[in-house]
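Please open the structure in your viewer and keep the selection panel at hand. The tour goes from a whole chain to an interface and then to a single residue.

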Amino acid sequence: MSWIENRFEEGVIVTSLDWAINWGRSNSLWPVTFGLACCAIEMMALGASRFDLDRFGAGAFRPTPRQADLMIVAGTVTYKMASRVRRLFNQMGEPKFVIAMGACTVGGGPYFKHGYHVVKGVDLVVPVDVYVPGCPPRPEALLEGIMRLQDRIRHTSRARDPRAAAARAAQLA
Amino acid sequence: MTFEQIASLLRERFAGAVEEVVPQATRPYVTVAAERWPEVARFLRDEPRLKLNFLRCVSSLDLLAEDSLAAVYDLATVPDAEAEEVLSCPHTFAVRVVTDRAAAHIPSVAGVWPAADWHEREAFDLMGIVFDGHPDLRRILCPEDWVGHPLRKDYEFPVEYHGIPGTTEHELNSPRH
Amino acid sequence: MTEISLQSQPDLLVDYDRGEQGDVDTEELLINMGPQHPSTHGVLRIVLRCDGEMVLEAVPHIGYLHRCAEKIGESLQPFQFIPYTDRMDYVAGMNQNQGFALAVEKLAGIAVPPRAQYLRVIFGELNRIASHLVSFGTYGLDMGAFTPFLYAFREREMVLDLFEAACGARLTYSYLTVGGTTHDLPEGWVDRCLEFCDYFEPKIDEYNDLLSFNHIFVKRTAGVGVVSAGDAVRWGLSGPCLRGSGVRWDLRKALPYDGYERFDFDIPIGRPGGSDRTVPHGVVVGDSWCRYFVRMEEMKQSLRIVRQALRDLPGGDHIVPKFKKNKTVKLPDDEVYLEVDNPRGQVGFYVRGDGSAIPARVKARGGSFCNLSITSHVVRGCLIADVPAIIGSIDVVMGEVDR
């Protein structure tokens, strides 16, 4: 899609195309299985029968980041794991989104004060789109986070996409 | 056998190896000299009256006041064949081995209880006790290039690690409030 | 063929000299499993050195979830540390809380009221059921069966509803604290729990029909990753891993805590294939199937204990009365080591006090930490596809391994 980003001015064709592309993207967010710690269990509960993430189109958890467009960082990120988180994020294809699930990924969580080995928030490692607080957040809370992300995707426009512009600038630099 | 009986048995067999007997602790323990520890360990495991074949835990301890480090070994007897009655009131025993802070060396007992392998690696990683004779002594929990031994009382928290900012603790000398 | 030890240079992909075996050139492969991997039950990394499909050497690397729990234990009071124990073995939070609380109580000489003991047993056993359901569901998932996962989580949600009614949390409870439990049971909870027990009992047989005796599952797990009883004891295995090797050892019977001696229950152990109708042919004592099936049987025993405890639940305080206002405890200059039998193995807490309210040292011995150490010993000589079968049967939770 990068050929189309920021190329055209806003108009009826681009907005209809926008609507269609955003509808497709938001309703088929495929997460990569990235459960690190306790939040992973609540993420699994979200994928299970009572809370059922599949009805939002996001239930197809992919084992490899190359087939996924959403990374739900569920659990504490440690210094040892941080380089792997970044590597997996890099391996995902554009457009990609990150949800920071749980207090540990938001800002270090309960390990903020005395955790010498804990990264104080995953946004020090990857860019985050949605933060879901909680320790662990209830499956409904994570679902709210995913729905907020869906809203965000629905409001992106090919004509004014700052992320694509930044990515292109980085490529050319 | 009770703790006192085991302690006096050790005192008889290994004169000079048993440095201290602490029966009044909530979980009683004996202190054994570091250089005699492997032979005492082998005796504890093989002696028919004891058969302490299960290494439950190796805890490292920072005795800053005495300028030493210690490793505490908790042992138990587990029947290793199916027995109709579970051995009730089995033997449990605890041994503390003390070493200098500056040159912390304790002989490894990974040859006596293979379970000690990972426990000793953890004690090395977090407390800095070097276990002589360990088959593969390297860090197990912290990354290979981590600096310092975190569980020591005088540990300084890292300011940053490979570009990722560290904790706020670097402003304090010691993290305990 | 140059032999390079994986343990000294784990990150290198090295070109080995090509050796000839017959007229086929073979080359060894270094395969990296994890730390992000669907079947490693968390952030576990295993580097496999393989000859084709056969694994010659497997070196596990852990520490990707090392969350400095022991350093935190030296900086907080025991009742403040209880939430961190939850997060170690996060699937069995109640049991973890119970272990630490018991250790601190033994050190400080606190006697817990009988109602609190019964409540601890009830919640501990319900959490054992919930934990074994997760283990059963994810093991099915590892083996390629998706349905058991959904069934397991459906029943687990009911247990979590009970927990939520009692303490407000679904996963990290911090409910069993030093001195007893933080809250008493709400009205009608006992009846709801008995209803759940009646509902759940036939489900275990349903799970056995679904997964345990499924031909493909048996083929993938029977005879795989056999651990002898002697090896299991030498390597410090505990819990279902030890009992699956035929060792009838359970701390709830051998060194009872919280009044477990009052209850009547059995200890299931691994039995060889064909010994009776319930064990499929091909099963060897100490293999992955035995370890898995011990968990299914333990769920039935947990229901027995829960029913007995609910029937005999006494009235009275749910916590030592003075702790209702102030939970600060002065720890003597003394040490204690206490183990409890958790769903994943024996979890031990070594607590050293120094006269103040904050411990001088807290060491947590995780069941999964010791159980995982046998991986490199057991995986040698099996196929790559057997590695998830073995890891799944050991049932690791990395929070407990790395703490």
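## A walk from chain C to chain A

Begin by selecting chain C of this predicted model, whose radius of gyration of 22 Å agrees with the value near 22 Å that a compact globule of 403 residues would have. Along the principal axes, the C-alpha atoms of chain C fill a box of roughly 80 × 50 × 35 Å. Buried residues make up 58% of the 403 residues in chain C, and, among its contacts with a separation of 6 or more, 71% join residues 24 or more positions apart.

Next, show chain B beside chain C, where 40 residues of chain C are in contact with 37 residues of chain B. Elements of chain C that each supply at least two residues to this side include the helix α3 (93-108) and the strands β8 (335-342) and β9 (345-352). If you colour this side of chain C by residue class, you will find 15 nonpolar, 9 polar and 16 charged residues.

Now move to chain A and select T76(A), which sits in the loop between β2 (70-74) and α3 (79-91) of chain A. Is T76(A) buried or exposed? T76(A) counts as buried, because it has 31 C-beta neighbours inside 10 Å, and the cut-off for a buried residue is 20 or more. Leaving aside residues up to four places away in sequence, T76(A) touches residues of chain A, including L36(A), C104(A) and Y111(A), and also L65(C) and R67(C). Finally, select T105(A), which is 29 residues from T76(A) in sequence but 5.9 Å from it in space, C-alpha to C-alpha.

Conventions:
Residues numbered from 1 in each chain as written. Chains lettered and ligands numbered in written order. Predicted model: local features only at pLDDT ≥ 70, side-chain atom pairs only at ≥ 80, totals over all residues. Contact = placed C-beta atoms within 7 Å. Helix = DSSP H or I, 4+ residues; strand = E, 2+ residues; numbered from the N terminus. Nonpolar A, V, L, I, M, F, W, Y, C, P; charged D, E, K, R; others polar. Buried ≥ 20, exposed ≤ 12 C-beta atoms within 10 Å, placed from the backbone. Rg over C-alpha atoms; globule rule 2.2 N^0.38 Å.
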